[in-house]
Amino acid sequence: MLKGSSTQLLDLKIEQVSSWLQSFDTVLSDCDGTIWNDDIAIEGAVEVLNTLQNRLNKKVYLITNNGLKTRRELFERAQRLGFQLPNEHHIISPTSTIVDYLLGNERFDSKKHKVYVVGNAAIARELKAQNIDSFRAGERDELAPTDKWQDFALREFTKEEATVNVGAVVVGWDEHFSYCKMARACHILCSNKNAAFLVTNKDAVHKYPNFHIPGTAAFVSGIEACAEIDALEMGKPNPLVLEPYIKNGDLIPERTLMIGDCLKIDVGFARNCNMHSLLVGTGSYQLDTLAKHQSLAQPDVYLPKLADLLPYL
C-alpha cells in the first residue's frame, strides 16, 4: 500500500498504520541521529524499539556506519541507554562486518596474514577479538620536519616486511591521516594484488550544527586514486552488509523495515536491499525538504521523530 511513495505516517488512519505494521517482521534501525546522539537516547526511541520487539514480536537490529567502536562497545552503549537487544549479534557495524568478510575470504588466511589499518584502534580491537593480527591502527605516521618523501620511501618500502603477509588494507575515520599512511597503503595494494581493500564506510562528510568535517570517504578516495583500486564498503548502503543475516535466515529483506535519518545512506540502503523504509526527521531531512532531493532514494513513510510511532503500538 505504501511501497513506492513517501507517506506521512501521521496522516494515515489507525487501521492503515496497523496494516503497515503487519507488513514487516524485522526492524533495522540506524543509530546516530535516529535513536541516539552520542550517549544520549532520542526521546521515545527506546520505548518504540523495545515495544516493537517485546510486544509486537519484531526482530530488532541496530545498524550503524560508526567505525569508531567495536560491536561489543556499541552493544554496551545500547544496553546502557535502555535498548533491550537479545545479544551483541543484533548490532551490525562496520568493524564486525570487516571481520566477517575477512574470515569468509578464501584469499585471506587469518593464521598467516595481518591487516594494515588506516584508522582508529576500534578496528584493531575487533580484529584481535577474532585472532586477526593488525598493525598501526590509531598511530601517527608522518614525515619528520627534516625527512624527505624519498628518504621515507627508501627506508620503509625497500624492506620485504613492508608487504609480506599483509593480506588486507582497512581504512576508517582517521584524525591522523597523512601522506605516509596513504603511501604505505598504496605500496601494499600495488605490491599484493590479492590483498583485500576495505573501508568502514564512504560517508563523505559529518555534519554538526556548528561545523562540518571530512568523513571516511575523503580519506579512502586518495588511496583509491593512487592504488587504482576501489575499496569495498563495509557499511550502508552496500547490500553486502546484510548477506550473512540473509543467508542465515535471520531476515527476509521484503519483510524488513529500515529506519533512518539519511536519504542517501539509510533510505538508499533500504532501496538497494529491497526493504521497506521509514525516514525520521531528527536528522538532516524533513518532509518539507524531500522535494529538493528527488535525485536521492525517497522513503516509503515519514515521521517527524520515532517517538511519534508509539501511540500506534
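I began with the lining of the largest pocket, and I counted its residues as 11 nonpolar, 15 polar and 13 charged, where Ala, Val, Leu, Ile, Met, Phe, Trp, Tyr, Cys and Pro count as nonpolar, Asp, Glu, Lys and Arg as charged, and the others, Gly among them, as polar.

I note that this is a predicted model, in which local features need pLDDT of at least 70 and side-chain atom pairs count only at pLDDT 80 or more, while totals for chains, interfaces and linings use all residues. Residues are numbered from 1 along each chain as its sequence is written, and side-chain values use heavy atoms, with hydrogens and water left out.

I then looked up the volume of the largest pocket, which is about 1300 Å³. Of the 39 residues that line this pocket, I found D32, D203, V205, H206 and K207 to be the closest to its centre, and the elements giving two or more residues to its lining are β11 (205–207) and α10 (263–273). For my own record, a pocket is an open set of points on a 1 Å grid over the protein atoms alone, where a 1.4 Å probe fits, with protein on both sides within 12 Å along at least five of seven lines, and lining residues have an atom within 4 Å of a point. A volume is the space filled by probe spheres set on the points, which are joined across faces, edges and corners. Helices (H or I, at least four residues) and strands (E, at least two) are DSSP runs, numbered from the N terminus.

Next I turned to the second largest pocket, whose volume is about 230 Å³. Its lining includes R71, D100, Y101 and K247, and α4 (94–103) and α9 (243–247) each supply at least two of the lining residues. By class, I noted five nonpolar, three polar and four charged residues there.

I also looked up D174, which sits in the loop between β9 (166–171) and α7 (179–191). D174 is buried, with a relative accessible area of 4%, where buried means under 20%, exposed over 50% and partly exposed in between, with a 1.4 Å probe and protein chains only. A polar atom of the D174 side chain lies 3.5 Å from the backbone nitrogen of G119. Apart from neighbours within four places in sequence, D174 is in contact (heavy atoms within 4.5 Å) with V118, G119, K181 and F219.

Last, I checked the whole protein, which has 10 helices and 16 strands, and of its 313 residues 53% count as buried.

How values were computed
A polar contact is a pair of N or O atoms within 3.5 Å; within protein, one must be able to donate a hydrogen and the other to accept it, and residues adjacent in sequence count only if both atoms are side-chain atoms.
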